[in-house]
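Reader: I would like to learn how to read a few features of a model, starting with charges and rings. Please give the general idea each time, then the case at hand.

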Amino acid sequence: MSNETIAETAAGNKVLDIEAIRNDFPILNRLVKGHPLVYLDNAATSQKPAAVIDALVYYYTQLNANVHRGIHTLAEEATAAFEATRDALRQFINAAHREEIIYTKGTTEGINLVAYTWGRKNLQEGDEVIISGMEHHSNIVPWQIVCEEKKAVLKVIPVNEKGELILEVYDQLLSERTKLVSVVHVSNAMGTINPVKTIIDKAHAKGALVLIDGAQSSMHLDIDVQELDCDFFALSAHKMFGPTGAGALYGKKHILEAMPVFNGGGEMIKEVTFEKTTYNELPYKFEAGTPNIADFVAFKPAIEYINTLGKENIRKHEDELLSYATRKVTELEGVRIIGEAAEKASVLSFVIDGVHPQDIGILLDNKGIAVRTGHHCAEPLMNRFCIPGTIRASFAVYNTLEEIDKLADGLKKAIRLLR
Amino acid sequence: MAAHKSIEEIEEEIVDEFSLFDSWDDKYEYIIDLGKKLQPLDDAFKKDENKVKGCQSTVWLVADYQDGHVIYKAESDAVIVKGLISMLIRVLSNHTPDEILNADMDFINKIGMTSHLAQTRSNGLRAMVKQMKHYALAFKSLKFDA
């Protein structure tokens, strides 16, 4: 990355140089339908800085070898680069041990891993799992599957009109029967930041474990799994400037050690005979098969990129974008914001009277503006608000106030055409 | 009635009309206008069995068979989709099942609407055309049964 992404003001305050940051992301230079790309779909996936793209090329041109085996130089160097990301991730979320970081394909696989291994082993008939009404399908369906199989009961913390969890009902749902609580840290559809520390403490008081879906939060909030005291935390590289197909599941060491294995194959074994196979140690017992080496190698510069900018600086800029966008969009006639929680991160979801979100999405795309329209893989949440979907603009550190002006202008023109 | 015009002729007409537009804005304005003018479908037809359900908007499609010709009616809750439907109906409606089944619908590419065939917009043209051809096939087999 360029060294000028952080400038110092006369008063000595650190501020981000957004233009310099934009230069680190090659894709932001492209045109869409003849217009400069305005990328406001960051909650779906973030763009990648040159450092990440370069690391992918470097890996395939200089390092490519299978990891954890072979004594030749390439194998050693590839393994070192692959494992260095684990250390960076440990530090990034402040896990106590590097072996608490399990490599996955992403958040979805992390949640499935817990459901299929911990869930199948520990859930009994009549046990309860609590999720929330604002979960992504990936934090609903795995629990439905395992609960059905084990005859356990899935309970849901409801969402209020502002898009916040109703914690009084959570208190009532919690009981000695609760075995696991799995909730999203930041809602992908509304941007709500959930009070996960409170949720975790209350669950622990009843003896239940807690999984936090950190897909959206990892890029925006400081994550300290020891301070949160969560038992599991799942994240995806691609939502934090890293490559697709790479992610991590954090789990407390003693819990992971007691869990059965997930996939069987190479890497995850210690010894194999036809009579009995013994399993490898953490984290490898959960990492069967040749992993997605290149993408994990390129995940590290993404983490470093966030660290260099500083999450506090990132958040400050994103908060400014969010409040400016909220103001501009609210000014338009007939707009209703979906999700007005007191604590929000970087997502603006809304509906417009008499206009279908899809029509807006198509017309904005025609101006080079990328937003997401639809149910955002959170159909139960859309049903809660009695809407088929929303228009969602989600911001990252490289977005600018000018881009939000373009969004507002594009919306204004689209509404005029469509009404 | 456009029955005397072949599907290819109608397609050609649409391609000619679109060639007059200089910009994408104009094309979309035209499609939105078509959408707004599409005759609404009777509420009685707006039931699940008539849905061509996709990821984002809902499309209802019904077909009737009169004197060897298939007559389509459709509606959507999204205006641009309605405009696209309106063109499909203009092209395919009031033709025989065989003519409909043989239509290559190349005009969609020629007017630059290929992106609406993308998988992510499965409720767009692709699913619509498929459903319209299903109806044609059903009416065709009906014909032979009788």
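Reader: Which ring does the charged end of Lys27(B) sit over?

Author: The general test looks at how far the charged end lies from the ring centre and from the ring normal. In this predicted model, the charged end of Lys27(B) sits over the ring of Trp24(B), 4.4 Å from its centre.

Reader: How many aromatic pairs does the structure hold?

Author: Over all chains there are 15 aromatic pairs. One of them joins Phe18(B) and Phe21(B), with 5.4 Å from centre to centre and 85° between the planes. Planes over 60 degrees apart count as edge-to-face, and this pair is edge-to-face.

Reader: Which residues form an aromatic cluster?

Author: In chain A, Phe25(A), Phe241(A), Tyr305(A) and Tyr398(A) form one such cluster.

Reader: How many residues of strand E16 of chain A are buried?

Author: The count is 6 of 6 for this strand, which spans residues 347–352. To read a strand, take its two faces in turn. On one side of E16(A) are Val347(A), Ser349(A) and Val351(A), and on the other Leu348(A), Phe350(A) and Ile352(A); all are buried, and both faces are covered.

Reader: Which strands pair with E16(A)?

Author: Pairing is read from the bridges between two strands. Strand E15 (residues 335–337) of chain A is joined to E16(A) by 3 bridges, and the two run antiparallel. Across that pairing, Arg336(A) stands opposite Val351(A). Strand E19 (residues 390–394) of chain A also pairs with E16(A) in the antiparallel sense, over 4 bridges. There, Ser349(A) stands opposite Arg392(A).

Reader: What volume does the second largest pocket have, and which residues are closest to its centre?

Author: The volume here is about 370 Å³. The lining has 17 residues, and Leu38(B), Gln39(B), Tyr72(B), Ser86(B) and Ile89(B) are the closest to the centre. By class, the lining has 11 nonpolar, 2 polar and 4 charged residues. Helix H2 (24–37), strand E3 (69–76) and helix H3 (79–92) of chain B each supply at least two residues of this lining.

Notes: Residues are numbered from 1 along each chain as its sequence is written. Chains are lettered from A and ligands numbered from 1 in the order in which they are written. This is a predicted model: local features need pLDDT of at least 70, side-chain atom pairs count only at pLDDT 80 or more; totals for chains, interfaces and linings use all residues. Side-chain values use heavy atoms; hydrogens and water are left out. On a 1 Å grid over the protein atoms alone, a cavity is a set of points where a 1.4 Å probe fits but cannot get out, and a pocket is an open set with protein on both sides within 12 Å along at least five of seven lines; lining residues have an atom within 4 Å of a point. Grid points are joined across faces, edges and corners, and a volume is the space filled by probe spheres set on the points. Ala, Val, Leu, Ile, Met, Phe, Trp, Tyr, Cys and Pro count as nonpolar, Asp, Glu, Lys and Arg as charged, and the others, Gly among them, as polar. Buried means under 20% relative accessible area, exposed over 50%, partly exposed in between (1.4 Å probe, protein chains only). Rings of Phe, Tyr and Trp (its six-membered ring) pair if their centres lie within 6.5 Å; planes under 30 degrees apart count as stacked, over 60 as edge-to-face and the rest as tilted. A charge sits over a ring if NZ of Lys or CZ of Arg is within 6 Å of the ring centre and within 35 degrees of the ring normal.
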